[in-house]
Amino acid sequence: MADKNGKTPAGNTGETPRQKWQKAFDASRTRDADFTTMSGIPLDPVYGPDDAEYPGQYPYTRGPHASMYRSKLWTMRMFAGFGTAEDTNHRFKEIIRAGGDGLSTAFDMPTLLGLDSDDPMSEGEVGRCGVAVDTLADMEDLYADLDLSQITTSMTINSPAAVIFAMFVAQAEKRGISRAALGGTLQNDILKEYQAQKEFIFPPRQAMRLVRDTIEFATREMPKWNSISISGYHIREAGATAAEELAFTIANGFAYVELGKQAGLPVDDFAPRLSFFFNAHIDFFEEIAKYRAARRIWARWMKERYGAKSEKSMMLRFHTQTAGVSLTAQQPEINIVRTAIEALAGVLGGTQSLHTNSMDEALALPTEKAARIALRTQQIIAHETNVAHVADPLGGSWYVEALTDEMEKRAEEIFALLDEMGEGSILEGVIRGIEENWFQKRIADSAYELEKKMGSKRRTMVGVNRFTEGNEEDELEILEITSADEERQLKRLDLIRAQRDEKKVAAVLAKLAEQAADDSVNLMPTLIEAAREYATLGEIMSSMLGVFGRHVEVPSI
Amino acid sequence: MSHRVLVAKVGLDGHDRGIKVVARILRDAGFEVVYTGLFQTPDTVAAAAVDEDVDVVGLSMLSGAHMALAPKVVAKLRERGVDIPVVVGGIIPAKDVDKLKAAGVSEVLTPGATPDDVVAIIRRAIDASATAK
């Protein structure tokens, strides 16, 4: 292991970091590609002096694996969801046909907030921002004909994550796929909901109990499943700076580690299945520095503060999505260029999977064509540019290394503050920061600062505050979600309610409420049972709401 | 006397970056700004507008539910016998702008509006309403 000067301590095997890296690289698989430049210059898998830090070596600044994209390109995981489960299933199949290799499910607002499609609050929102899921029947349609033992699935759901997870497990088992064979990711990051995305239901502590239950369940029963995707994406979209995104996200990660440890799980049993999700914004080098700093911080804290022994607990793996907020409704075609640059930052930063936004993101959900162009953007980066041939190609750049150090320093300042707020517990510091609107206010402050810079034109946004010629041209064709989708979903829900065994539903919901009141019980098995009886999402959430209560944010500007 | 503005999030849409930025822009421009918080219904927004005696209501809508919800806010205000202008901001496709106006919405702010645009449009909505009275 190298010290902070990159030197190998004496008394070790005497191998240089480069030699150790070479051994690890030789032991890994290499994908079939021509690793030369267009002039035919053969390329090393990584560059650097003998005593530098190498990919796959603690603290993983240069990447979690020795071989990085030489073994496996990032997963091109395109986020999709709209209308009914059948509509989205069709889009999933399109994505797979077009060469996408992972699925990522977007749920509609009622589902994200734990409401049924026929709830009065759901009116006008059913199937609009994602797919509507009310019962196991929708889950069955959503993943029909997709080989879930081969394709990994990510589900962007938070407050009702445990319930949707239960429905997912139930539908797979009904098809004969064992839970242990399922690979994928549940977003399940409730902390950033209070801080940024604001799709909260239960109060923070009760919500964290459900997170604990999912971590425990996945740790015991689903070795290939990522129980949480700790997400900076939404924190950034809500207005945070890159340094704040980094610090808040990793602090939330520490909070989940403390939660797991409090539940009595050994850190190395669950930490390897924690994954991260970052934004790729337009400030190219700052983004790359952010990813590099994130890996280094996580490794150091996991080892030093949380006592991890397994390297897998220390390796930060992350998904990236390009920045929706960087895209413009004006001249939407130029968003393709922004997205390409942002995606490139994610790749040069060593992301494990990537979603590229569509050019129509600022207008509506993507059309099939816009989504295909976004996927093609990743394919150009992966297969035409040769940038994936060499790991951490910017490592050793004085600029990028200095920016990486600075990002780490700024994040550490925020961790120190949260640690103090929590009197030695980051978990308590984060919850207190949420309850006192500290995160929320800081994010809004940063958003306003950026807006003022845009207003005074100290920061340029092409097509918005400069270079606006062409803004009046015809708009893109956009995807229309009609109220017909909503009506179809309502009919479907009526049908399911009419077919199920009401007595069994009532019994399982009563059992759930009883268990919710006992903090020592893991609710996952009963949630799966409720899913199997076709209890609706809204019914299941109501039965827990009766025990947990509802979170109300104190409005602040 | 400074004008009073109620800024509101109605429905399930939790995107509050825009509304907070707009609230600060208006506050810095000398308006008195009241924010409802998230997850309001058309009825609670109308009630708050009357209770707070505001000159204009600003709705921020980014989830696509504007056609279902914004006209209801207008209707609920009218039910209460007040004629407070309603301005909608957010991700609103161009083809919906006229429909919203036909449903009684005074002005629509779309992505890319500058701070100056926000202030000008809110003032215009208040002035038009005052003239109509």
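Mentor: Begin with one pair of residues: A:Thr320 stands opposite A:Leu354 in E9(A). Keep in mind that the model is predicted.

Trainee: What makes strand E8 and strand E9 of chain A a pair?

Mentor: Two strands pair if there are at least two bridges between them. Three bridges join E8 (residues 318-322) to E9 (residues 353-355) of chain A, so by that cut-off they pair. The two strands run parallel.

Trainee: How do you know that E7(A) pairs on both sides, with E6(A) and with E8(A)?

Mentor: Apply the cut-off of at least two bridges again. E6(A) and E7(A) share four bridges in the parallel sense, with A:Ile228 opposite A:Leu274 in E7(A). Five bridges join E7(A) to E8(A), also parallel, and there A:Asn279 stands opposite A:Gln321 in E8(A).

Trainee: Why are E5 and E6 of chain A called edge strands?

Mentor: The open sheet has nine strands in the order E5-E4-E3-E2-E1-E9-E8-E7-E6 (chain A). Strands E5 (225-226) and E6 (228-231) of chain A each pair on one side only.

Trainee: Why is strand E7 of chain A said to be largely enclosed?

Mentor: A residue is buried if 20 or more other C-beta atoms lie within 10 Å of its own. Seven of the seven residues of E7 (residues 274-280) of chain A are buried, so the rest of the structure largely encloses this strand. The burial holds in both directions: A:Leu274, A:Phe276, A:Phe278 and A:Ala280 point one way, and A:Ser275, A:Phe277 and A:Asn279 the other.

Notes:
Residues numbered from 1 in each chain as written. Chains lettered and ligands numbered in written order. Predicted model: local features only at pLDDT ≥ 70, side-chain atom pairs only at ≥ 80, totals over all residues. Buried ≥ 20, exposed ≤ 12 C-beta atoms within 10 Å, placed from the backbone.
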